[in-house]
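Here are my notes on the model, as numbered points. Please read them with the coordinates open.

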Amino acid sequence: MRARTRQGPRSSTRQQGGRRRRTVSAAAAMAIGVMTLAALTPPASSTSAAVATARPDAVQQALNTLVRDDGMPAALASVKDRNGRTRTYTAGVGDLATGSKVPRGGQVRIGSNTKAFTAVVVLQLVGEGKIALDDDVDTYLPGLVRGKGIDGRRITVRQLLQHTSGLPEYGMHIDDDELRHRYFEPRELLDIALRYKADAAPGEKWGYSNTNYIVAGLIVQKVTGRPLAEEIDRRIIKRAGLRHTYFPTPGDKTIREPHPQGYHRNPADGPLRDFTETDPSAGWAAGQLISTDSDLNRFFGALLAGRLLPAAQLAEMRTTVPVGDSGMRYGLGLTSRTLSCGGVYWGHGGDIPGYETRGGVTEDGRAVNVTVTSIPTDEAAVQHVKDAVDRALCG
């Protein structure tokens, strides 16, 4: 998510649909769910988990381009093909200061992919009869969501999950230092958003806002009487066998397992800064999780195969609205995008200072997730990340 988030699955502040060149504050980067190194550009070292070949395959070439041409410090990917074979890839260096290798299958901050996890928990509770998608927010959080043009009695749970509530974004109002070092309670994040007027009337239009998922997370906690992190761990992480995925505990700024360093630049033409150690609490239900490319493939694969939700709730999750003219469609914490080879893939995506993740799964079980260790700041790099996903799924 990026702290200023306007996206549709960028865990940060951009829309995954059409993006424009912009200055990305760390907060902005954290706010969504829809980012030129010059002398710091690392060498395009490349490896594949499969047998190394003299001529890299299409996925490896795509990662090499992200490092060589787009200035990404590192790029990682995990790909499962039509035959169920999985390959992992890396390019670049894991640490610009030391030149160390990129850890294969390393952990990264997954930003707005967290929204898909939060949405699954909400929909599981719908299936259990504890939440209704068309109930208003006040049914669960009476009197909490009030502001300028904002009334929780007029906003439904469905609108939260689909970003059609009109709630304003909080992330753009958090600066880089706060984002990195300050611990935020979820209610504080909501309070920041409620200082500002509604972006639109509920149901009027689609508009990406991390605030929606803060409210959804608060509903989960009210209904279950348990912390959101526990519910995600019990209901999804353990159930799907995600061995490298976790919700950082309060005060934990580190990444536990081997990982590439994450870098952030603000302004867009400024120097890269190491943002690996960050307090992720500004993301919470919208962007706090840490995972790996392979675990994300496993999660979205289990979700689309019906192993995490009953059929009725999965169908609701896959009921989408268009995201402008981007070609992307947004469901309930789940997006679909068309492929150059035909069909669509389902996933989410996320930006958070230091990392951008993109990918998803197809109906026939192909899966890919690609990570770069800095949020792209120009359209060419943004497109090259998309191209890497498309090549992996269409290869």
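1. The side chain of T118 reaches the backbone oxygen of A285 at 2.9 Å. That is a polar contact (a pair of N or O atoms within 3.5 Å; within protein, one must be able to donate a hydrogen and the other to accept it, and residues adjacent in sequence count only if both atoms are side-chain atoms). T118 sits in helix α3. Helices here are DSSP runs of H or I with at least four residues, numbered from the N terminus.

2. This is a predicted model, where local features need pLDDT of at least 70, side-chain atom pairs count only at pLDDT 80 or more, and totals for chains, interfaces and linings use all residues. Residues are numbered from 1 along each chain as its sequence is written, and side-chain values use heavy atoms, with hydrogens and water left out.

3. Is T118 buried or exposed? T118 is buried, because its relative accessible area is 0%. Buried means under 20% relative accessible area, exposed over 50%, and partly exposed in between (1.4 Å probe, protein chains only). Leaving aside residues up to four places away in sequence, T118 touches Y213, A216, G217, L228, I232 and A285. Contact means heavy atoms within 4.5 Å. L161 is 43 residues from T118 in sequence, and the C-alpha atoms are 9.0 Å apart.

4. Helix α3 (residues 113-127) packs with helix α7 (residues 211-224) at an angle of about 40°, axes 10 Å apart. Axes are lines fitted to C-alpha atoms, for helices over the stretch in contact, and angles run from 0 to 180 degrees between N-to-C directions. The α3–α7 crossing is left-handed: the near helix is turned anticlockwise from the far one by less than a right angle. From α3 come K115, T118, A119, V121, V122 and L125; from α7, Y213, A216, G217, V220, V223 and T224. By class, this contact of α3 with α7 has 8 nonpolar, 3 polar and 1 charged residues. Ala, Val, Leu, Ile, Met, Phe, Trp, Tyr, Cys and Pro count as nonpolar, Asp, Glu, Lys and Arg as charged, and the others, Gly among them, as polar.

5. Helix α10 (residues 293-304) also packs with α3, at about 35° and with axes 12 Å apart. The crossing of α3 and α10 is left-handed. N113, A116, F117 and V120 of α3 meet L296, F299, F300 and L303 of α10. The contact of α3 with α10 has 7 nonpolar residues, 1 polar and no charged.

6. Check Q60 in helix α2 (residues 58-68) too. Q60 counts as buried, at 4% relative accessibility. A polar atom of the Q60 side chain lies 3.0 Å from the backbone oxygen of T90.

Note on methods: Helices (H or I, at least four residues) and strands (E, at least two) are DSSP runs, numbered from the N terminus.
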